[in-house]
Amino acid sequence: MSGLLSFLLMPLAWLYAGVMAVRNWLYDTGRKSSGNFWPVPVLSVGNLRVGGTGKTPHVAWLVRELLSRGQHPAILSRGYGRRTRGFRLGSPQETAETFGDEPLQYYQEFKGQEVPVAVCEDRLTGLSRLFAQPQVGAVVLDDAFQHRRVQPDFSILLTEQHRPFYEDYVLPAGRLRENRTGARRADAVIVTKCDSDLSVTRRQEIEQRVRHYARPGVPVLFSTYAYSEPVPLAGSAAKMVTCGPEIVLLTGIAQPGPLRDYLVAAGYHIVHHADFPDHHAFTTAEIARMAAHCGPGRCIFTTQKDATRLLAPALHTEIARLPVFYIPITVEFLADGAARLRQLLPAALKPQAVV
């Protein structure tokens, strides 16, 4: 967004920020009720900015950490982009259209480890339904930082290195969902998508800017993406081909830039990038147009989240003819970030008394 347009929209941003400030004040002072006593620990991963801060791989990191501690975690998401409503528990019959692409990605990743994944736009209802599931020992809330009706036991706030919340403005002048001071609700702040060689000096500068808004003593950690080898998409022709250096890239995510940079650095030449908005529902016509760029020796690379939408039944015929691979993403922390976050979890996982 240009500086001039942001300036012109600033009065609307002040109005929106004021409305959100009043809403937060009502919750902070107890004038609006917020559930905060749960039979099992509830942990939240969210952000202040609209889209693209890396919630999905950080939720996955947290779930894997809980599993390694012998916990029995579940995941609750709103299920953004789905065409259904109400509470739904992940099952083999769900699609990105009925369940949401990110929750479906969680379900596919953890289905062999007995991690229930559910979606519900009302998080209180979703939590109560999840608590009824057998052996749920903790719940990770995906993208619930602004859902004030739920007060988690531990809240992680994400912000990108190259688009930090402290340099942004409230909608519509910027991309923040609420004022920067909302960061005070976080129990830990993670600066995401960092350059892997981010210097100590630069980390200190960023931490100082974050601490201007976060509560005193709240840890500020730094993470980066780690990309894995391409994985053949089920139902595609990927297993029958050998990929050359020329590829077609298909994305429907908020920030495809880091993936592009990784692929170029890995020696691939992107001959065509079919770039769509976040959570885009691909059509057969769009897949066909993209396929026109997929000549001999060329493969189609996409993200793991986009792969869930490519499995839509309506696309089976088109996808079956194409060599499609997805690139898994995991989170790695810089310096001692992972150890510091692990140290915080025991207190957060202490069961709460129900009153």
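Q: A salt bridge is a side-chain nitrogen of Lys or Arg lying within 4 Å of a carboxyl oxygen of Asp or Glu. How does that apply to R149 and D122?

A: First, keep in mind that this is a predicted model. Now look for the closest N and O atoms of the two side chains. In R149 and D122 they are 3.2 Å apart, and the two residues form a salt bridge. The pair links distant parts of the chain, 27 residues apart. R149 sits in the loop between β5 and β6 (154–160), and D122 in the loop between β4 and α5.

Q: Are R149 and D122 buried, exposed or partly exposed?

A: Read the relative accessible area. Buried means under 20%, exposed means over 50%, and partly exposed lies in between. R149 has 35% relative accessibility, so it counts as partly exposed. D122 is partly exposed too, because its relative accessible area is 23%.

Q: How many salt bridges does the whole structure hold?

A: A search finds 23. Take E121 and R85 as another case. Their side chains meet in a salt bridge, at 3.4 Å from N to O. E121 lies in the loop between β4 and α5 and R85 in the loop between β2 and β3, so the pair ties together parts 36 residues apart in sequence.

Q: What do the accessibilities of E121 and R85 say?

A: Use the cut-offs again. E121 is at 26%, so it counts as partly exposed. R85 is at 69%, so it counts as exposed.

Q: Where do E167 and R209 sit?

A: Start with the contact. E167 forms a salt bridge with R209, and the closest N and O atoms are 3.9 Å apart. This pair also links distant parts: E167 is in the loop between β6 and β7 (188–192), R209 is in helix α6 (residues 200–211), and 42 residues separate them. E167 counts as partly exposed because its relative accessibility is 47%. R209 is at 39%, so it counts as partly exposed as well.

Q: Which residues of helix α5 are buried?

A: An α-helix has 3.6 residues a turn, so residues three or four places apart point the same way. In α5 (residues 123–131), the buried residues are R123, G126, L127 and L130. They cover an arc of only 100 degrees around the axis, which puts them on the same side of α5.

Q: What covers the buried residues of α5?

A: Look for elements in contact with them. The cover includes β1 (42–47), β2 (73–77), β3 (88–89), β4 (117–119) and β5 (138–142). Look at the start of α5 as well. There, a side-chain oxygen of D122 reaches to within 3.0 Å of the backbone nitrogen of L124.

Q: What does Y227 touch, leaving out residues up to four places away in sequence?

A: Find its element, then its partners. Y227 is in strand β8 (residues 220–227). It counts as buried because its relative accessibility is 18%. Its contacts are P258, L259, Y262, I327, P328 and I329. With L259, a polar atom of the Y227 side chain lies 3.4 Å from the backbone nitrogen. Y227 and V331 are 104 residues apart along the chain, yet their C-alpha atoms are separated by 8.9 Å.

Q: Is C299 buried or exposed?

A: Its relative accessible area is 1%, so C299 is buried. It belongs to strand β12 (residues 299–303). Neighbours within four places aside, C299 is in contact with V241, C243, E246, I247, V248, C294, P323 and F325. C299 and A238 are 61 residues apart in sequence, and 7.8 Å apart from C-alpha to C-alpha.

Q: With which side chain does H273 make a polar contact?

A: With that of R260, at 3.0 Å. H273 is placed in strand β11 (residues 269–275). Beyond four places in sequence, it touches L249, T251, P256 and R260.

Q: Which residues form a nonpolar patch on the surface?

A: L4, L5 and L8, with about 310 Å² of accessible area together. L5 lies in helix α1 (residues 3–28).

Definitions and conventions:
Residues are numbered from 1 along each chain as its sequence is written. This is a predicted model: local features need pLDDT of at least 70, side-chain atom pairs count only at pLDDT 80 or more; totals for chains, interfaces and linings use all residues. Side-chain values use heavy atoms; hydrogens and water are left out. Patches are made of residues with over 30% relative accessible area and no salt bridge: like charges are joined within 9 Å, nonpolar side chains (Val, Leu, Ile, Met, Phe, Trp, Tyr) within 5 Å. Accessible areas come from the Shrake-Rupley method with a 1.4 Å probe; for residues, only the protein chains shown count as cover. Helices (H or I, at least four residues) and strands (E, at least two) are DSSP runs, numbered from the N terminus. Buried means under 20% relative accessible area, exposed over 50%, partly exposed in between (1.4 Å probe, protein chains only). The arc is that of the directions from the helix axis to the C-beta atoms. Contact means heavy atoms within 4.5 Å. A polar contact is a pair of N or O atoms within 3.5 Å; within protein, one must be able to donate a hydrogen and the other to accept it, and residues adjacent in sequence count only if both atoms are side-chain atoms.
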